[in-house]
Amino acid sequence: MCGIVGYVGSRSALDVVMAGLKRLEYRGYDSAGVAVPADGGLAAAKKAGKLLNLEKELTERPLPAGTTGIGHTRWATHGAPTDDNAHPHLDNAGRVAVVHNGIIENFAVLRAELAERGHELLSETDTEVVAHLLAEEFSVTADLAEAMRLVCRRLEGAFTLVAVHADEPGVVVGARRNSPLVVGVGEGEAFLASDVAAFIAHTRSAIELGQDQVVELRRDGVTVTGFDGSVADVRSYHVDWDAAAAEKGGHDYFMLKEIAEQPKAVADTLLGRVDASGALTLDEVRIPAAELREVDKVVIVACGTAFHAGLIAKYAVEHWARIPCEVEPASEFRYRDPILGSRSLVIAVSQSGETMDTLMALRHAREQGSKVLAICNTNGSTIPRESDAVLYTHAGPEVAVASTKAFLTQLVACYLVALYLAQVRGAKWADEIRAVVRDLARMPGEVERVLETMEPVRELARSLAGKDTVLFLGRHVGHPVALEGALKLKELAYMHAEGFAAGELKHGPIALVEEDLPVVVVVPSPRGRSVLHDKIVSNIQEIRARGARTIVIAEEGDETVAPYADHLVRVPVTPVLLQPLVATVPLQVFACELATARGNEVDQPRNLAKSVTVE
Ligand code: F6R
């Protein structure tokens with residue numbers, strides 16, 4: 001949610017910043033802007049719309065060259081996506097420029113105070129107050145880092161701020177509270193960004209910035225302090241992605257690349273989780289086995305697609321580990337005063353590790369004395385840092401806004417945690433656990449097989465491009481899969497799409513069914529609880545009798561559903577609980593192709609951003 005880049009070094013700052021912004025455009029694309037201290041002054045350009053508009057502006061009206069610069073790509077919160085509201089924001093003298101991600105909650109009060117002191121604010125944003133406050137403090141301290149510390153102490157809310165000043169042309173200053181910011185350290189140069197993807201082409205040496213810290217970047221070094229001025233410990237790490245992993249790799253869209261990468265992402269997430277005896281060894285889970293044996297309730301908090309992974313995890317936790325499990329959208333969690341204690345294990349699932357709703361839910365859980373385990377894809381991000389333990393998924397960078405490979409790896413991580421709980425509590429025999437681990441190890445190959453048979457799904461999607469509504473039905477773990485299929489279609493194809501538990505249909509939603517309405521049905525394996533399979537076959541008959549066009553996702557060899565399917569999509573035979581790993585893939589392909597057929601932007605759907613760092 002908003003992408004920020006800062007650079008100081010010896011290259012053209014504009015080139016580095018614009019390339020970085022391109023990598024961060026997934027975080028927001030309502031407007032973009034840059035600022036460069038040069039020739040004793042400060043030059044800035046900003047434009048509403050995508051980065052392309054800013055590129056055009058810079059070609060038509062080039063900025064002076066400089067080796068220090070900042071840039072921003074925006075997902076609008078306060079104020080419409082206009083040129084005026086685009087970042088950077090400058091003070092009235094045009095000497096300081098600031099970019100911001102997050103929300104400054106007390107901006108109205110600060111704005112009124114500034115107006116009283118004669119400042120003229122030109123935009124509707126909360127950010128602009130920071131530029132004016134920095135200018136005031138700098139006029140006293142003549143030190144941008146100190147000015148930033150003083151200003152940050154007066155701000156409420158969540159923010160990442162990055163600023164430059166015309167009087168300190170070799171300095172970039174950043175600050176963070178509840179919002180992401182990473183530092184990249186190169187030879188005679190340094191970078192700041194919301195995400196390492198922005199500077200990975202230049203350096204893989206990164207520094208985590210802690211909560212309430214200010215960083216000062218110069219060509220010859222990086223200094224980190226607390227908002228109170230105390231010198232902070234610097235924790236650096238090596239980024240194990242490379243630049244190629246963040247490129248499209250020959251695919252038209254990042255989403256297609258990421259769908260294709262799923263077999264590897266699943267395999268990588270399984271790597272190194274089992275010891276020679278076949279027992280699970282989740283090294284990163286630092287919660288002692290004795291404490292896990294005491295857990296009396298598991299609560300999963302997550303948002304969107306990650307929430308759907310949590311819904312599936314509930315079946316695994318309850319079935320394998322025999323622990324009651326609740327799943328809740330993180331945005332609702334803390335507001336209902338949930339009953340938590342030291343024996344509750346809270347699992348926070350997040351691809352980005354920066355989703356504000358999930359972060360706030362985990363903080364609430366820790367305040368109640370619960371242990372929090374994060375399942376996360378982004379090393380060094382806030383959610384794992386603030387959790388008691390973390391299990392990383394190894395999906396690699398996910399750039400497309402719609403989550404695909406992260407979802408499959410979240411499922412794998414959830415299965416591993418459920419099995420691990422079963423292992424430490426003795427809820428399953430060692431050979432039963434080994435059998436599930438063997439099944440999981442087969443999954444990358446099975447996902448690959450699904451991907452090889454997707455052409456009919458693409459063809460079907462294209463033929464439905466003119467439809468207004470698609471319904472999705474499922475039972476058991478197929479229900480969250482149906483929810484995920486509907487979410488993908490909504491966010492990518494902008495169509496009315498809803499997922500239902502198939503048994504709920506007759507309690508109301510069946511009234512929606514009319515002639516030729518496409519209904520996707522995720523059919524549970526006939527080898528599981530056969531009653532479930534039989535029931536869903538009846539559900540398919542009920543909707544077909546009312547004119548629905550049925551698109552049935554069923555296991556290879558399941559012949560009983562064939563007579564009721566207008567379109568039959570086969571998925572490999574898997575154990576019942578693992579079916580979401582294969583059944584979700586056709587729904588991702590379906591949504592991606594339908595969106596393309598409708599002329600939509602697949603990687604950057606309207607109104608969305610990849611990482612939602614506001615509540
Ligand atoms: C949908 C999607 C979102 C995210 C949600 C949580 O395709 O990507 O629903 O799943 O915003 O994001 P993370 O996992 O980063 O916490």
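The lining of the largest cavity divides into two nonpolar, seven polar and two charged residues. In this count Ala, Val, Leu, Ile, Met, Phe, Trp, Tyr, Cys and Pro are nonpolar, Asp, Glu, Lys and Arg are charged, and the others, Gly among them, are polar. The model is predicted: local features need pLDDT of at least 70, side-chain atom pairs count only at pLDDT 80 or more, and totals for chains, interfaces and linings use all residues. Numbering runs from 1 along each chain as its sequence is written, and side-chain values use heavy atoms, without hydrogens and water.

**Cavities**

The lining residues are Cys2, Arg74, Trp75, Thr77, His78, His87, His100, Gly102, Thr125, Asp126 and Thr127. The whole structure holds four cavities of 30 Å³ or more. A cavity is a set of points on a 1 Å grid over the protein atoms alone where a 1.4 Å probe fits but cannot get out; lining residues have an atom within 4 Å of a point. Points are joined across faces, edges and corners, and the volume is the space filled by probe spheres set on them.

**Cores**

A nonpolar core joins buried Ala, Val, Leu, Ile, Met, Phe, Trp, Tyr and Cys residues through side-chain atoms within 4.5 Å. Buried means under 20% relative accessible area, exposed over 50%, partly exposed in between (1.4 Å probe, protein chains only).

| Core | Residues | Including |
|---|---|---|
| Largest | 130 residues | Val34, Val298, Trp320, Phe472, Leu489, Phe590 |
| Second, separate | 29 residues | Val129, Cys152, Phe159, Val173 |

Helices (H or I, at least four residues) and strands (E, at least two) are DSSP runs, numbered from the N terminus. Phe472 touches, among others, Ala482, Leu489, Phe500, Val520 and Phe590, leaving aside residues up to four places away in sequence. Contact here means heavy atoms within 4.5 Å.

**Aromatic pairs**

The structure has four aromatic pairs. One is Tyr7 with Phe191: tilted, 5.2 Å centre to centre, 45° between the planes. Tyr7 sits in strand E1 (residues 3-8) and Phe191 in strand E10 (residues 189-193), so the pair ties together parts 184 residues apart in sequence. Rings of Phe, Tyr and Trp (its six-membered ring) pair if their centres lie within 6.5 Å; planes under 30 degrees apart are stacked, over 60 edge-to-face, the rest tilted. Both Tyr7 and Phe191 are buried. With Phe199 they form one aromatic cluster.

**Tyr335**

Tyr335 is exposed, at 55% relative accessible area. Tyr335 lies in the loop between helix H10 (330-333) and strand E17 (344-350).

Technical notes. On a 1 Å grid over the protein atoms alone, a cavity is a set of points where a 1.4 Å probe fits but cannot get out, and a pocket is an open set with protein on both sides within 12 Å along at least five of seven lines; lining residues have an atom within 4 Å of a point.
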